[in-house]
Amino acid sequence: MRGRMGVLHLRINGDDVEVAAPSHWTLLEVLRYRLGLTGSKQGCDKGDCGACTVLLDGKPVLSCLTLACTVEGRAVTTIEGLLPAHVAGGGQGADPVQDAFDRCGALQCGFCQSGMMLSARALLDRNPNPSDEEVRAALAGNLCRCTGYTQIYQAVELAIAEATGKRPKPRSWESTEPRGSS
Amino acid sequence: MAARDRHGKDAPWGEFAVVGKPLRKVDGLAKATGAAIYADDIALPGMLHAKTLRSPHAHARIVSIDASDALALPGVHAVITGKDLPVKYGVIPWTPDENALAVDKVRFIGDPVAAVAAVDEDTANAALKRIRVEYELLHAYLDPRESLTRHDPAIHEGRKEGNVSKNVLLEFGAIDQALATSDVIVEDEYTFHGTTHAAIEPHCAVAQYSADGVLTVWSATQITHYVHRALARVLELAPHRIRVVQPCLGGAFGGKSDPFSLEFCVATLAMRTGRPVKMLYTREEVFYCHRGRHPMQMRYRTGASKDGMLRGVDAKILIDGGSYSSFGLVTTYYAGQLLTGPYAFPTYRFDSTRVFTNKPPCGPKRGHGSVQPRFAFEVQLDQLAEKLALDPIEIRRRNFVGEHTTTVNGQRITSNGFLACLDQVERASDWSTRHGKLPFGRGLGVAGSMYISGTNYPVYPNKMPQAGIQLKVDRSGLVLAFTGGNDIGQGSNSVVQYIVAEELGLALDQVRVVAADTDLCPVDLGAYSSRVTFMVGNATIDACRKLRAQLVEALAAHWQVDAKRVRLIHGEALDLEDATHHLPIVEAFHLAEERFDTLGATGSYNTPELGGPYRGGTIGASPAYSFTAHVAEVTVDIETGRVRCEKVWIAHDCGRALNPMLVAGQMEGSAYMGVAEALMEEHTVNRYGLHRGPSLLDYRIPTSVDTPELAALIVESLDPEGPYGAKEAGEGPLHPSIPAISNAIFDAVGIRLKHLPFTPGKVLAALAERRARAGEPTVAGGAR
Ligand code: FES
Ligand code: FES
């Protein structure tokens, strides 16, 4: 039942890799099952959820709908690539988007979030100061079942704020009023 | 030490260093960087891939199965069927009616029939096509009303109740008399449609059977302990030869609470082949496995006096259980037992009946059993308020059950911040100037609810602790906490980390957590019924206090001072009265290890005796209840019938927010899910029992642009028995979203929607009916 094998020449997170895989395999399968890059998740395998989002030449694509053989020679960025790229660029630790997601509580189960963070990263690379509507629209292809999206927006807002000096809006639960029975 | 000790609401060292702050999660960066390992990320050398053959019929007898062609396919290593796994199981020990693979008959489209292990998924899928199953079709029950009266053919044979899965009839006080003497009665019918969890991670399990006879199963489960017990039962293996591990979990919401077919299949296939085996469900399979929210048809009759005081509530509920029992016994009780707050009513009767149908099995979904009745009752309360010309918030305030009290069905309520919740949403939504006064097409609605923080009914009867924890203290300054609790994304491992750091005065990076591994961790009953923060939190404090006493004693002896002067905070040990006495905490560990030998501690929690003195009285009895109030704001487009929820204000009494950011995340996620159930989602089958849309495109869960603005408002009532006063926050805040939206639609356009979901078709029909009643022309989009 093995499909015909092919040797693929891919550029993943800055590295040139050569990998043999059945020619009908998707990029998601090659990443997860050949290269051990399991940070890209499979939520549906048919283009509905966005969990498998990776960046192709900097643009978000669904790796479950992308045949691996069609991305030869193009730059693929997975969630595993963000921290090393940040460090290589002189930063410390995780990419500011990843760090903001963690600091804002956006990572509940986390299963949707590698795709979500890559969509956010791509947006900020293209437009470092997007409006709330632009953020919503950019994330509309990534389903999250845990958060209700609020803390995701707050995380993106924090990342924007730290890059631009803007002040994030206060969160509803940060009121100064006592929380006890009134 | 008695596991029931209460630890008090206060900070262990006078002022909280960790608790109450919006800190990172213990596993946040691992998740952020893609390093966290989920079940499907596990790959073992030589691993085979397994697939399940499922029934194409809703109800049929299996005449024969021939797998010889499948076995002959190169790359196929094993095929198993029901004959290989004949022992029945079920999460509730009284109702074991499931087989890992169907034995003799199938009961819904999607019921597992056979499983194949092969070198890869493609081969396994090809092998499935070569399995020949001959079926003899049986009458399929798709309408729960039919299952009430017709029992032949039975969906489960040999039961004297036929197709009735469970009936509970409980009566408290003289309900008929109370209703007969009420000034006003509201009586109506309500429908809850049925929804599913749709966690983004599909179910997945991996098994390995070692040469020395130890079976390890990694599974995307939210209850490791019950999977462990079920595997031992079905595989007829001694439990100590089985290890169950929950890797990082990609969402659950109740949908990973049952033992699932795949766990038994991978285990059997691994034992059969001598190779590790993985099975990953497709998204379509996840929809069929379901265990989602039960459809309910509900009739409520509520009586009140002229001033709006409730006199009695009479409920009759028909529950569509789908094809298996699952948690159904509990569902049937919860449908009645959890309605008796936050409002007091002196008399109550509920008669709830769960029936089997030939549909995907229902089970627990966030707010198990009580979301549906809550919807019905909160709409009915608004109908009552309308009749009496009372403000909907006012009628809820008037009927407040109070704190430190007992409900009509004998449940003990401790802390109760419901009035503060009402105040908060009233103020935040500007209710008094906006409710009833917004332009036609826009409206506000309110609803309230209560929910359990765990229950004292352990799924299998035993007197052992419900939660246990073990601390290992390392000479490096690290404390490792071992908990059987399941972190399913809600952050329970982080709660353990925060509490250990708080109690022992450690920096967060000095505490790591090992969880949900039955070999390594003490038993915990798992992530359900919103029990984890309350119970695991209390167990953690229990263990820490024992360890702390040793550290303090060792330090006091070292400095030759009274133990009361010793304080542990921010990674340091201090003497309150002598500034020259201070040590890094790691040295306190060394002093204590010299004095007491190898350090470590265990802690546990069990509930006090709770519940009314009647059969079923402990089901729904919780050591503490959370309370919630929502106001939802909607707009209704009378041309298209489309309802949009614009904003939800969510006020929730969580006792104490151990981390307000994580509490807010639970509140927002809950409200989002409720809004989706009200307006978008519907889990239904067609007339053959085929799912109407088993994909994340057809089953419409909200995207970022569909989700309303969510404002979480935290109320802290400081519960006397919760860890530092904490109660649950993960399920309660879902309940009011749905009725609040119905009530808001009434405020917006004057129609009372009682049958979920609130689709454009239902809205248009109700608008037309309203116009007809008012004698207006019935053209859509006509005069207001
Ligand atoms: S896995 Fe690719 S969109 Fe869902
Ligand atoms: S964090 Fe769980 S699905 Fe988004």
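The questions and answers below go through the model topic by topic.

Author: This is a predicted model: local features need pLDDT of at least 70, side-chain atom pairs count only at pLDDT 80 or more, and totals for chains, interfaces and linings use all residues. Residues are numbered from 1 along each chain as its sequence is written, chains are lettered from A and ligands numbered from 1 in the order in which they are written, and side-chain values use heavy atoms, with hydrogens and water left out.

Reader: Which pattern does chain A follow along the sequence?

Author: Helices (H or I, at least four residues) and strands (E, at least two) are DSSP runs, numbered from the N terminus. Chain A has six helices and five strands. Read along the sequence, the pattern of chain A is β-β-α-β-β-β-α-α-α-α-α.

Reader: Which residues of chain B lose the most area to chain A?

Author: Three residues together make up 13% of what the chain B side buries. They are B:Ile200, B:Met661 and B:Ser704.

Reader: How many salt bridges cross the interface of chain B and chain A?

Author: A salt bridge is a side-chain nitrogen of Lys or Arg within 4 Å of a carboxyl oxygen of Asp or Glu. A:Arg32 forms a salt bridge with B:Asp40, with the closest N and O atoms 2.9 Å apart. Over all chains the search finds 66 salt bridges. Across the interface of chain B and chain A, the number is six.

Reader: How many residues apart in sequence are the parts that B:Glu677 and B:Arg293 tie together?

Author: The side chains of B:Glu677 and B:Arg293 meet in a salt bridge, 2.8 Å from N to O. B:Glu677 lies in helix H17 (residues 660–679) of chain B and B:Arg293 in the loop between helix H8 (283–289) and strand E13 (296–304) of chain B, so the parts tied together are 384 residues apart in sequence.

Reader: How are H3(A) and H4(A) oriented to each other?

Author: Axes are lines fitted to C-alpha atoms, for helices over the stretch in contact, and angles run from 0 to 180 degrees between N-to-C directions. The axes of H3(A) (residues 96–103) and H4(A) (residues 113–126) come within 9 Å and cross at roughly 125 degrees. Angles under 35 degrees count as roughly parallel, over 145 as roughly antiparallel, 65 to 115 as roughly perpendicular and the rest as oblique. H3(A) and H4(A) are therefore oblique.

Reader: What is the orientation of H15(B) and H16(B)?

Author: H15(B) (residues 532–559) and H16(B) (residues 585–596) have axes 8 Å apart and pack at an angle of about 90 degrees. Among the residues of H15(B) that meet H16(B) are B:Leu551 and B:Leu555. H15(B) and H16(B) are therefore roughly perpendicular.

Reader: And how does H10(B) lie relative to H18(B)?

Author: The axes of H10(B) (residues 371–388) and H18(B) (residues 737–749) come within 8 Å and cross at roughly 30 degrees. That makes the two helices, H10(B) and H18(B), roughly parallel.

Technical notes: Buried area = accessible area lost by both parts, 1.4 Å probe. Contact = heavy atoms within 4.5 Å.
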